[in-house]
Structure formats: structure tokens, C-alpha cells
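Subject: Structure handover

Hello,

The structure is below, followed by notes on what was found in it. Please read them with the sequence at hand.

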Amino acid sequence: MKIVDPTSGLPGDAEIASVAHDGIPEDALCLLSNSKPGATELLRGVAARLEAERGFTDIGFASKPQAAHPTAEETLDHLAAQYRMAIVAIGD
Amino acid sequence: MTDVLDVPDLSPAEWFGWAEEKGWSDGLPTIPPTEDLVDAMLAAFGGDPPEFAPIPPARMIPTLRSVAANAVMAGCRPADLPVVVAALLGTMAPAYNLHGSLATTHPCAPMVLVSGPLRERLDFNSGGNCFGQGTRANAVVGRALSLVLRNVGGAIPGTMDRSTQGSPAKYTFCFAEADSPFPSLAVQRGFAADESVVSVMAAEPPHNVNDHGSRTGEEILVTIAGTMAESGSNNVYVRGPHLLVLGPEHADTLARDGWTVETIRERLWELARIPLERISEGNHVQFDESGIKPEQDGYTISDGAGQLHICVAGGPGKHSAWIPSFGATELVSTRVAG
Amino acid sequence: MELERRGVVPFLIVTSTFLPLVRAQAKARKVEPRVVVVDHPIGGLDGSEFATRIDAAYAGVARALDEMRTDEMRRTR
């Protein structure tokens, strides 16, 4: 028999342009917390070790207002304009 | 791209196992979405083709055919498809927060509340046992929505659906509101009484409010407020909407005593407070970090009277229900096309 | 993952329990984030338990940074 595939659909992600990183230091690093219990403390702990043992400085920080909410597009754009790397906890 | 699959001719029992192995089922038997059944369902779809958004977590955009295929699998009749589509469109509104509600550890399910003339035309149950088993429309419409989210969106338990315990409402959570002394929820939200409307919210299953003893509306509200003042609810610190479904007898008592939707809402906002001693020290800290402070003698439920939505459903008896939400969601109402 | 789509290199710290979700989401978004897995849970731990999570997360991030540098050197050779 012929059936209609119940999983069928079209890929839905719109392209997002990468931000040009000219002038941003190679090691510009930020933290992004999803605000689940312990996530921010975990990131702060990792950042402290990176500063002490790897010489990172000026590590940025941003967080979601609450774990249940998505990260605001503006926050993502803002981080992308300033940093080359991000440590995200807990990844979503 | 074809969406048609050639599969072996299978008996109903064989199909059940086959679909299960493909990962297409919620654990209950399904109807094979054969081309003729899907075409019949599509032929009965009135309005313009809907513009669907990507469904997270897989971020796939469903087609009307794939929605119809899932509706067939759930047991829908062709006339049910516009209701399923309206519910799906509601969950795609950014305010609903579909991604968060599907990937969360919280047990929320997509609640579907049907208002307007379609309730009777499609035999939705707004009366006795309206949250329970026994009515095809309630059973299959809620189930179809959950199957679309699973099969197209990839919200599969254990992988992308990370709910700690889930809830029975994840199979299907659909009911209709009853006529009552109060304006319907749809009318409260700006729709005309002759429009059929579907409202969705990422919600916990109903929490029962048993009140056989109270004799006045004020007394009933004291009992409802006690049920709402629950220290483990997302509405305490994530805030967001919640829904009070008054049983008809409680609604009649409240109306007899002169209460309106607005005054019920305001009174429950005043009464529903969680005493400080019922919140643990660690949660005080977490609430504070979320910007939630107690008000005088306790924590409030959400951040204002307006977050409480009110409708009436159910049969005879002295029960009502409070439906807390995921918090990071909104009640989204969509007119049913056609 | 949304940062990766904007050109930022992400290091995702995830608990083992949530790894399948993160992997599935990465596949859906067609990105390959560097993932650091730590034991579940993160919330509700006492001080010493939490310190072990920080140790594991730091070790994973440091390793991922080194791998990234090695990859970059290979590419520029």
C-alpha cells in the first residue's frame, strides 16, 4: 500500500549571516548561561580557571532571563558581534 | 520530493508493530495514513493552505499533507483537520514557546481548548468527563497534534522530549468549553460568539478542586485559591498563564452571587498566596535569582490577575480544575478556518 | 548552536543526560558544536560535588580549546 510519510516536511532554518570578526581578538571569549540551577556558577568556575591557568581576560557574560525561555536574538547578535568563542551551559 | 512511501500490505496488527518500529507511534495503535485516506481528509479542508512555521526541536516545516497523515493516524475524521491545523498554528506562535515546551523536563503537554459552534458540530465533549476518555473528537484532535509534534518535529521521548516524568496529557489533552453564565473564553479574548476558536497552552494536566461544602461563591474561591497556592508549580517562579476551568455547579453558584470573570480573577489574585514557610531555603534563593519576591505574607501565582484565564466545562458535581502551565508560554487562540 | 550559526565557536557544556538532545538538535541545525560532557545533574549539588563538576567542565573546555588550536594549525599549514 502507499502511505503519506507522516514525518515529511521541509527544512526550516533560515540562513543567518555570520558576523565579521575583523578586529576582535583571537581569544575573545564569553559565557552564555541558560540560567538552569547551577549553570551560571559552573560557568563562572570554569572562567576563573581559564583566567588563572590559560591567561584569558575580559571574559564576557550573558544569560537567559530564565531557563524556560529561549535566548533572545538580540543577545545572540550582541555576543556574536563581540566574541569569537562562547562557553554555553547547559547547551541548548 | 515525494512524500509517498510504498510499504507492504499489512494487517492492522502488523501495521501497529511496523509503525511502532519506525518510531511513528505514541504507543497506541494508529491508522495507516494511506494516500486515499489522506486525500479524503485534504479534500474536506476548506480554507487557504496554512503557512506553517518550523517545528522544533527538528525544525522541520510540516506540509498540510503530513499534518493530515498524522491526523489519519490519530483517528481523526476529515472534518477534524481544520481544528488540528488551528491548534498546530497556535503552538507555532512565538509566544507559545514550542521549543522550550517540547524539550523541557517539565511535564507540560499541548492543551487544546475548543470554543464556538464546532463543539457541537464535531461532538466535542464539554460536559461530564470532558478531560477523560470516551469522546472521539477530544481523543483524536489532541492526539493528532501530539503526533505531528512527534513525527514532524522530532519531539521523541528520551531524545528531544526530556520530560522527567511526562504526563498522561501528552497522549491527548483536548476538551471543549461549556455554555455558562459567563462569556466564553473565546469571547473574552475578542472573538465573536459564532466563531469557532481553538486555544492552546503548554500545560500540566488538570488539578482537581473538590468543594462540596462551600455554600457561597466567596467560599468556593477560597478553596480554588488553596489549590492554586502550590509551592511546586512553574507559575510561581517562571510565572506565565494558568487556566481555571470551573465546573458548571461552581460556576452557577459564583454567578448567583454576582461574581464576574473579572472579579473572580481579582479575588483569586488576592487569595492565592503561598506561605513563606512552604518554600524551601534553596527555592527562596532560586526565586530571588529569577526576580521573584514574596508579597507580604507569601508568594503570588504568576505576576498579575490577568494571567489567570477562566472558562467553564464539565458535568454535574462539585468539582472544578486548575490548569497550571509551563510558565514560559502563553495561551494562544486561533480561529478555525472554514 | 545559534551562536555557531552566527560564526562564534561554541563550547557546549552539557550533562550526560541531555547529550542526546543536544546531538539531535545539532544534527537538525546542521552544526557541529564542540561538546563538553559532565555528569548529571548540575542543580541541587553540595559544595564538593559541585567542585567536581567545575573540574570536569574546565578539563573538557581546556581540551576542546587545545583541539581547536591543533585543528587551526593543521588547516593553516
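Of the 338 residues in chain B, 56% are buried, meaning under 20% relative accessible area with a 1.4 Å probe and protein chains only. This is a predicted model, in which local features need pLDDT of at least 70, side-chain atom pairs count only at pLDDT 80 or more, and totals for chains, interfaces and linings use all residues. Residues are numbered from 1 along each chain as its sequence is written, chains are lettered from A and ligands numbered from 1 in the order in which they are written, and side-chain values use heavy atoms, with hydrogens and water left out.

Chain B has 13 helices and twelve strands (DSSP runs numbered from the N terminus: helices are H or I with at least four residues, strands E with at least two). Its radius of gyration is 20 Å, close to the 20 Å that the globule rule gives for 338 residues, so chain B is as compact as a globular protein of that length (taken over C-alpha atoms; the rule is 2.2 Å times the number of residues to the power 0.38). Along the principal axes, the C-alpha atoms of chain B fill a box of roughly 65 × 45 × 35 Å.

Regards

Terms used: Buried < 20%, exposed > 50% of the residue type's maximum accessible area, 1.4 Å probe, protein only.
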